[in-house]
Amino acid sequence: MVQTLWVPPTEYERLNRDQRERLVASGVDPDVLAALHVARVIEGLPAWWHEQGNLLLLEDGVRLPEPVVALLLTYRSSDALVVVSTGLVDDLVLLVEGNGATLFIGPETYLHAGEVYCGGGSSVVFNGTVSATGRVVVDARNGGSIVVAPDQLWAANVYIATDDMHRLEDLETGVRLNTFGGRILLGRHVWLGRDVVVAGDVEIGDGSVVGIGSLVRGQKVAPNTAVAGTPARVIREGIRWSLEDTP
């Protein structure tokens with residue numbers, strides 16, 4: 001039986017004003033935050049975690065399996081703020097590294113067999129109601145940010161990253177060519193097909209669809225638009241999608 005990390009409510013410490021402001025500044029919807037009852041985990045974490053100013057906060061009743069906690073402690077971090085308000089984390093990898101990472105996993109967020117990495121000065125925010133069928137990777141680093149609005153449907157193998165993790169530069173000038181610390185924003189009710197890659201500075205509007213195997217890189221997708229291809233191009237505008245599979 002997998003052991004879980006949980007602290008009785010008497011050992012919780014509620015969010016303070018600075019923590020709330022930091023979360024909102026990172027892209028957490030104030031209404032989503034106001035509806036939560038999260039509190040700081042004190043016991044069950046190593047001394048260095050607390051000494052470095054890191055905070056792990058869980059929604060009341062949420063328990064993190066020991067393997068999830070062990071992976072969270074893989075890298076050294078400081079001033080990390082990690083909030084988990086969903087219980088659907090049994091097979092989720094959460095990683096923070098460096099100084100000042102902000103990671104928010106909102107309610108009803110289901111990332112089956114997923115991996116979320118947040119580097120120093122970066123932020124990853126799931127505002128809730130995300131359903132991903134498997135092996136999703138979400139990666140923010142170099143001060144980048146990923147903000148995901150509620151009501152998402154992602155197929156398997158979606159990859160979302162602010163950076164390429166390596167430098168690509170012009171041979172003559174030495175100028176960096178690929179994104180460093182990108183900003184990614186996914187609007188409400190977005191459907192990402194299987195094997196979709198979203199990278200760099202990207203904004204995907206409300207109600208949009210990205211087709212199977214597409215690459216959205218450094219692009220802005222208008223609301224209610226279907227795009228597909230590598231790189232992605234507009235297939236159709238003025239669309240609406242639903243979870244119903246009806247004629």
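Tutor: A residue is called buried under 20% relative accessible area, exposed over 50%, and partly exposed in between (1.4 Å probe, protein chains only). The structure above is a predicted model, in which local features need pLDDT of at least 70 and side-chain atom pairs count only at pLDDT 80 or more, while totals for chains, interfaces and linings use all residues. Residues are numbered from 1 along each chain as its sequence is written, and side-chain values use heavy atoms, with hydrogens and water left out.

Student: What is the relative accessible area of Glu169?

Tutor: Glu169 forms a salt bridge (a side-chain nitrogen of Lys or Arg within 4 Å of a carboxyl oxygen of Asp or Glu) with Arg167, and their closest N and O atoms are 2.6 Å apart. Arg167 is partly exposed because its relative accessibility is 49%. Glu169 is likewise classed as partly exposed, because its relative accessible area is 40%.

Student: How many residues apart are Arg188 and Asp29, the pair that links distant parts of the chain?

Tutor: A search of the whole structure finds seven salt bridges, and one of them joins the side chains of Arg188 and Asp29 at 4.0 Å, N to O. Helices (H or I, at least four residues) and strands (E, at least two) are DSSP runs numbered from the N terminus. In these terms, Arg188 is in the loop between β18 and β19 (190–192) and Asp29 is in the loop between α1 (17–25) and α2 (30–34), so the pair connects parts of the chain whose separation is 159 residues.

Student: Is Asp139, at its relative accessibility, counted as buried or exposed?

Tutor: The side chain of Asp139 meets that of Arg141 in a salt bridge of 2.8 Å, N to O. Because its relative accessibility is 5%, Asp139 counts as buried.

Student: Which side chain of opposite charge is nearest to Asp163?

Tutor: Asp163 is in the loop between β17 (159–161) and β18 (183–186). Its side chain makes polar contacts (N or O atoms within 3.5 Å; within protein, one must be able to donate a hydrogen and the other to accept it, and residues adjacent in sequence count only if both atoms are side-chain atoms) with Asn142 at 3.3 Å and with Thr162 at 2.6 Å. Lys and Arg count as positive and Asp and Glu as negative, with His and the chain ends not counted. Asp163 is buried yet has no salt bridge, and at 4.2 Å the nearest side chain of opposite charge is that of Arg176.

Student: Which strands stand at the edges of the open sheet?

Tutor: Two strands pair if DSSP finds at least two bridges between them. The open sheet of nine strands has mixed pairing and the order β2-β3-β6-β9-β12-β15-β18-β21-β24. An edge strand has a single partner, so one side of it is left without a neighbour in the sheet; this applies to β2 (38–40) and β24 (220–221).

Student: What is the positive phi of Ala113, which is not a glycine?

Tutor: Ala113 is in the loop between β10 (109–111) and β11 (115–118). At 34% relative accessibility, Ala113 counts as partly exposed. Although Ala113 is not a glycine, its phi is positive, at about 55°.

Student: What is omega for the cis peptide bond that joins Thr230 and Pro231?

Tutor: Pro231 is in the loop between β25 (225–228) and β26 (233–237). For the cis bond from Thr230 to Pro231, omega is about -5°.
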